[in-house]
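Subject: Structure for you to look at

Hello,

Here is the structure I promised to pass on. Please open it beside this email and follow along.

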Amino acid sequence: MDELGRDEQLATAVRLRELGEAGQARLRLLELAGRYPDDPEVAYQTAWAHDVLGLEAEAVPFYERALAGTGLPAADRRGALLGLGSTYRVLGRYPEAVATLRRAVTEFPDDGALRTFLAMALYNTGGHKEAMRILLTLLAAGSDDPGVRRYRRAIEEYARDLDATC
């Protein structure tokens, strides 16, 4: 019964966040996090609610707790890695952002959002060349723009070495 109560309460809090009631969701999630401190799903949802409210510094420990445990579904783990990396970046903790997002890209190599956030964090640490490589590769692979598609091979070549000349 206790587990069922946890599931219902978690679902209600998530629903509140999705309906734009992040403040109410946060309060419910903080209560749940107090009762289930080792629950990675509760920690992840609590972090997300804080992030939505612009409370990034308060979100960090919940993201870290969510990722430290086991049992977080892959989609939530991906979201927690993206959330933590992005939050570190927003807080100016750039090296931690890069490390977290590199880990995320290693675990989820086909995720374009993770690679995009990694490129932003790399920019913040002076890794402009690698950031451009990542973004050009994403652009070449995923753009529906006819001009980009027409020059896809050239863009891919420049992505490999933007400094190359004839």
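Asp161 is partly exposed because its relative accessibility is 32% (buried means under 20% relative accessible area, exposed over 50%, partly exposed in between, with a 1.4 Å probe and protein chains only). Asp161 also forms a salt bridge with Lys129, with the closest N and O atoms 4.0 Å apart. A salt bridge here is a side-chain nitrogen of Lys or Arg within 4 Å of a carboxyl oxygen of Asp or Glu. Lys129 is exposed, at 52% relative accessibility. Asp163 meets Lys129 in a salt bridge too, at 3.0 Å from N to O. Asp163 is exposed, at 54%.

A word on the source. This is a predicted model: local features need pLDDT of at least 70, side-chain atom pairs count only at pLDDT 80 or more, and totals for chains, interfaces and linings use all residues. Residues are numbered from 1 along each chain as its sequence is written, and side-chain values use heavy atoms, leaving out hydrogens and water.

The count comes to 14 salt bridges. Asp39 and Arg6 form one of 2.8 Å, N to O. Both residues are buried. A network of salt bridges links Arg6, Asp7, Asp39 and Glu41.

Now the rings. Arg17 lies over the face of Trp48, 3.5 Å from the ring centre (the rule: NZ of Lys or CZ of Arg within 6 Å of the ring centre and within 35 degrees of the ring normal). Trp48 is partly exposed, at 33%. Tyr44 is buried, at 6%.

Best wishes
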